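Please read them with the coordinates open.

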Amino acid sequence: MENYDGEPPNQEELTEWADEYGETFPVLSDVDQEVALRFARREQLSLPSHSLLAPNAVVLVADGEVESADIEAALP
Amino acid sequence: MKRTKRPFVLVVASVAFWGACTDKTQSDSFVDSDTDTDADVTTDDDGDGLSNSDEESLGSDPNVADSDGDGWDDGEEVDGNTSPVDAEDHPYTGGWAIGDCRDAVTSTGNEVGETAEDFALQDQFGDTVHLHSFCDRAVYLVGAAFW
């Protein structure tokens with residue numbers, strides 16, 4: 001995630017965003033899109049991007065469409 | 001003759017116990033480093049939820065509840081699968097559980113079917129969150145921007 005200036009958000013901005021959307025999961029500052037680019041196709045960022053990992057961080061979907069069946073398959 | 005074997009054994013066991021523990025400091029297996037007559041294996045001098053004996057094994061201070069000074073008591077850290085002697089490693093303020101398998105995850109790559117590399121990113125509480133902390137469950141990553 002990056003802020004309005006294209007910079008990594010600070011903690012205050014992360015907290016505001018999490019509160020605004022009632023987010024209870026980790027909201028993380030992805031400096032330089034390091035993690036987003038790991039899963040991006042041909043190193044092109046898509047927003048929003050969706051990736052799904054099974055337990056032990058096994059990649060099931062990398063920057064693609066996540067279906068309900070994918071999530072069910074990923075659950076331990 | 002009525003069989004009384006079971007009560008008899010119990011009585012002998014009690015006698016043997018008292019005989020062995022009359023003088024605790026003389027027992028080969030009894031360790032009482034703070035000489036309070038309570039065995040270290042059950043004593044928790046700092047009240048952090050870990051026995052002195054466990055603290056010795058972990059390398060934490062049995063007289064300080066928060067050995068690494070990170071704000072989390074040693075017992076909370078062990079329960080949360082973090083280190084009580086590493087101030088940078090502690091349970092997440094957000095309450096997300098850390099899997100005890102986190103150190104066993106071996107990355108192979110970030111393509112489908114591979115084991116993703118770990119990351120360390122700051123969360124909304126200021127903690128550094130690691131992907132491999134969630135090794136015991138599925139993870140759904142959503143990339144977004146403010147603009």
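1. Which domains does the domain assignment of chain B give? The assignment, with bounds taken from an automatic or database domain assignment, gives domain 1 (32-91) and domain 2 (97-147). The C-alpha centres of domain 1 of chain B and domain 2 of chain B lie 28 Å apart.

2. On provenance and numbering: this is a predicted model, in which local features need pLDDT of at least 70 and side-chain atom pairs count only at pLDDT 80 or more, while totals for chains, interfaces and linings use all residues. Residues are numbered from 1 along each chain as its sequence is written, and chains are lettered from A and ligands numbered from 1 in the order in which they are written.

3. Chain A has three helices and two strands, in the order α-α-β-β-α from the N terminus. Helices (H or I, at least four residues) and strands (E, at least two) are DSSP runs, numbered from the N terminus. Along the principal axes, the C-alpha atoms of chain A fill a box of roughly 35 × 30 × 20 Å.

4. Chain B contains three helices and three strands, and its pattern along the sequence is α-α-α-β-β-β.

5. Burial is counted from C-beta atoms placed from the backbone: a residue is buried if 20 or more other C-beta atoms lie within 10 Å of its own, exposed if 12 or fewer, and partly exposed in between. On that count, 29% of the 76 residues of chain A are buried; for chain B the figure is 24% of 147 residues.

6. Contacts are defined by C-beta atoms, placed from the backbone, lying within 7 Å. Among contacts between residues at least 6 apart in sequence, 8% in chain A join residues at least 24 apart. In chain B, 23% of the contacts between residues at least 6 apart join residues at least 24 apart.

7. At the interface, 34 residues of chain B are in contact with 39 residues of chain A. On the chain B side, the elements that give two or more residues are strand S1 (120-122) and strand S3 (139-143) of chain B. S3(B) provides the largest share, five residues. By type, this side of chain B divides into 19 nonpolar, nine polar and six charged residues. Here Ala, Val, Leu, Ile, Met, Phe, Trp, Tyr, Cys and Pro count as nonpolar, Asp, Glu, Lys and Arg as charged, and the others, Gly among them, as polar.

8. For the pairing across the chains, strands count as paired if DSSP finds at least two bridges between them. Strand S1 (residues 49-54) of chain A pairs antiparallel with S3(B) over five bridges. Within this pair, A:Leu52 is opposite B:Tyr140, and A:Ser49 is opposite B:Gly143.

9. Within chain A, S1(A) and S2(A) run antiparallel and are joined by three bridges, with A:Leu53 opposite A:Val59. These strands form a hairpin with three residues between them, and A:Asn56 in the turn has a positive phi of about 70 degrees. S1(A) is mostly covered, with five of its six residues buried.

Definitions and conventions
Contact = placed C-beta atoms within 7 Å.
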